[in-house]
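Hello,

Here is the structure I promised to pass on to you. Please open it first, and then read my notes below with the model beside you.

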Amino acid sequence: MNDVGRIGISIPRKEAWDKVTGAAKYNADITSPNTLYAKMLTSSHAHALIKHIDISRAAKATGVQAVITGDYFPILSGSIIEDRPPIARDKVRYFGEPVAVVVANSEAEAMKAVKLINVVYEPLPIVNSISDSIKSDAPLIHKNLGHYHCTVNDVYPKANSNIADHVKIRKGNISQGWAESDVIIESNFSLPKSDHLAMETRNAKAQILPDGNVIIYTSSQAPFSVKKRLSKLYNIPEGNVIVRVPLVGGAFGGKATVDLEFIAYLASKAVGGRLVEVANSREEDITSSPSKIDVEAKLKVGATKDGLIKALECTYFVGCGAYSDTGPRMAKAIAVNCSGPYNIENVWCDSFTVYTNNTYVTSYRGFGHTAFTFCIERMLDKLASSLGIDPIALRIKNSITQGNFTPTQSKVTLSNTGHLTNCLLRLKEIINWQEGARIETANDMILAKGISCFWKTSDSPTNATSGVILTLNTDGSINLNFGAVEIGPGMKTTVSQILAEKMKIDVNKIHVVMDVDTQVTPKHWKTVASMTTFMAGNAAINAAADLIRQLRSIGAIVLKCPPDDLDIGDQRVYLKDNPEIYIEFKDLAHGYRYPDGTSIGGQIISHGNYMMKHLTPLNKETGKGKVGVSWTVGAQAVEIEYDPKSYTYRLLKAVTVIDVGKVINPKTAAGLIMGGMNMGLGLATREEFSYDNAGILENTSLRTYKLMRFGENPKYIVDFIETPQIDAPFGARGMGEHGILGIPAAFANAISLATESDFNKIPISPEEIWKMKTGGKYDTF
């Protein structure tokens, strides 16, 4: 039979028509009669005791059904350290923290009533930065840190301090590395907090049914985590918690934590279980819900005079804000991959998670990798300059490859990592590196190119799992149901292509269930970590194998032959040696009926699972262990035009070459990488939270928080290298986050070269360049 490939083909996404026509439904689009609405009163202080809350006027306001505070069913939540109350109790720790919640008949009535609540605060000293947090006499943000419950065994909060965790990496002999180094350079780096800025703000609804079932409707990347956390913290049998997620309007990690779901549940409980909706305004989404980490780092690198890196020592302080959430895991991710995609035999890294009185954090696209990539890639350019070696040549010389070991002493193979050198050589061609990295033009402009490399693995739980259920329709098509949330990258379509290839049928005959319902959808750990295609794809392959087995089993009875004589394709089960003898899927889907009316079989339902394998915790003292199944490597470049007279620049070109193992859907893959590159340029050039001396966040709207806009983007170029990963679905490696990783570093390398200055902090705006070049003094008026 003819077999047409379905892998490596660009096809429209399964949800594309609904999205472009406006028919797609997101959580807030799904309305129900008699819904109540919750609005939050948030803290006007960054650090203060709550002396008194007067809710009496609000409770009597028109339309108000309930007003709750932190004393209503108090708990502490947290995915790693349980340190955060869903509603502040006794104390607030960041500006924007929820203090009280009003539930009313309408959103407008709830907003009016919120203004009637009076809170008396007693201000406390503020820890407004990482440097403030780690001082020996710093105020303690969590005085009970030593007594908090940790949900995992490998996190180490330090009592009577602001340190939530400390991860160590000790590889090789660092003293020997320094002794073998001819050149040693050191630098400090800084990256600020910023926002996820998903188009859809975070929102959730909750309803408690008379039978005790709790239904949560939410815009979340982690419905099964919502289910688990609500069950555990509020002592609800897990089977009674049902979480439903439709399409999600972007997330970038910001919807991976349990946030407003707690508020919605408490609000529903306060009004007798009625359906209650809570939805952030843009300002609330920026101010109250979690942000990206900020990082302060110090790096020291030693190398021989011919450019072989012998030693790396680094210290990272990762600001998790007022509460830890996934901060310790991002600090861990920074530590385990701190060398970048380079073979460095002697590595010493300390990565600390520290509390501040700023917005608390959660996962952000890249999961900390963008931060350490910025630091190590700036160091590589500094080292190249110091040694007089071409930056690309230096990176090729030190590229990690088969037989090398990661900082956690996991062995590298071409299968589990790919081919960085090939990425660099292809990048060199695309950006025409030979013409020069810095060119002064005839019109007194300067053209400059900066490069960087990146790598990323997941930091998944050792038992991360994904399941797939397949059912057959009577037309022979297949229903595909799995628990990954469609947050934008098109993974539902990608897994459909994988299934179609395995079943050798038209991908249009695969009907994927877009929504996730934890009552009927098989579990998928979380839609994070660039691991959905790998995990759900492998589960789909296993489910397809089960489906094929069942089809061949019943087909063997009908066609009167052993199952091993049969194959499948084009929605048929046929004889391998004579494809003209076959039976169609549709005649087997719900059981086979003989001409005399008797029947055998029944509806064919298959399933498959995949669980991460051979992952281990890190050794507390050395950091030895395996945190991910594979790494994805790549190289990036940014080309700019710099005007030395006005200290301004234009973004001309941004390039990514990435080894993805195998491209499943080329157009979708390229678009996904470009989106990450755009985010990376936003971080590099403008995005940051600005706090005043009182810890008040000042840029809380899109009027003051700047991001990349249409017309400001450069030309994006994406190219793929394919070194298949043996245990991945058709060889495909994770790539969802990777477009962002090296772009800030590549831009900083370009602007440092163009301006002949040294930029170790982002974002780098024209104002920052002016300050660097002039000392912040006007030379003309």
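Let me start with a definition: on a 1 Å grid over the protein atoms alone, a cavity is a set of points where a 1.4 Å probe fits but cannot get out, and its lining residues have an atom within 4 Å of a point. Grid points are joined across faces, edges and corners, and a volume is the space filled by probe spheres set on the points.

Please keep in mind that this is a predicted model, in which local features need pLDDT of at least 70 and side-chain atom pairs count only at pLDDT 80 or more, while totals for chains, interfaces and linings use all residues. Residues are numbered from 1 along each chain as its sequence is written, and side-chain values use heavy atoms, with hydrogens and water left out.

**The chain as a whole**

The chain has 18 helices and 30 strands; these are DSSP runs numbered from the N terminus, with helices (H or I) of at least four residues and strands (E) of at least two. Its radius of gyration is 27 Å, close to the 28 Å that the globule rule gives for 781 residues, so the chain is as compact as a globular protein of that length. (That radius is taken over C-alpha atoms, and the rule is 2.2 Å times the number of residues to the power 0.38.) Along the principal axes, the C-alpha atoms fill a box of roughly 95 × 75 × 50 Å.

**The cavities**

How many cavities of 30 Å³ or more are there? The count is nine. By type, the lining of the largest cavity has ten nonpolar, five polar and three charged residues. Here Ala, Val, Leu, Ile, Met, Phe, Trp, Tyr, Cys and Pro count as nonpolar, Asp, Glu, Lys and Arg as charged, and the others, Gly among them, as polar.

The second largest cavity holds about 110 Å³. Of the 13 residues that line it, Asp154, Tyr156, His166, Val167 and Leu618 lie nearest the centre. Strand E7 (163-171) and helix H9 (327-336) each give two or more residues to this lining, and the largest share, four residues, comes from E7. Its lining divides into four nonpolar, three polar and six charged residues.

**Two open sheets**

Strands of a sheet pair through backbone hydrogen bonds, either parallel or antiparallel. Two strands pair here if DSSP finds at least two bridges between them.

Strands E18 (residues 465-472) and E19 (residues 478-482) run antiparallel and are joined by five bridges. Leu472 has Ile478 of E19 as its bridge partner.

Another open sheet has three strands in the order E22-E23-E24, paired antiparallel. Its edges are E22 (566-569) and E24 (578-584), each with a single partner strand, so one side of each is left without a neighbour in the sheet. Four bridges pair E22 with strand E23 (residues 572-575), and Ile568 has Val573 of E23 as its bridge partner.

Enjoy exploring!

How values were computed
On a 1 Å grid over the protein atoms alone, a cavity is a set of points where a 1.4 Å probe fits but cannot get out, and a pocket is an open set with protein on both sides within 12 Å along at least five of seven lines; lining residues have an atom within 4 Å of a point.
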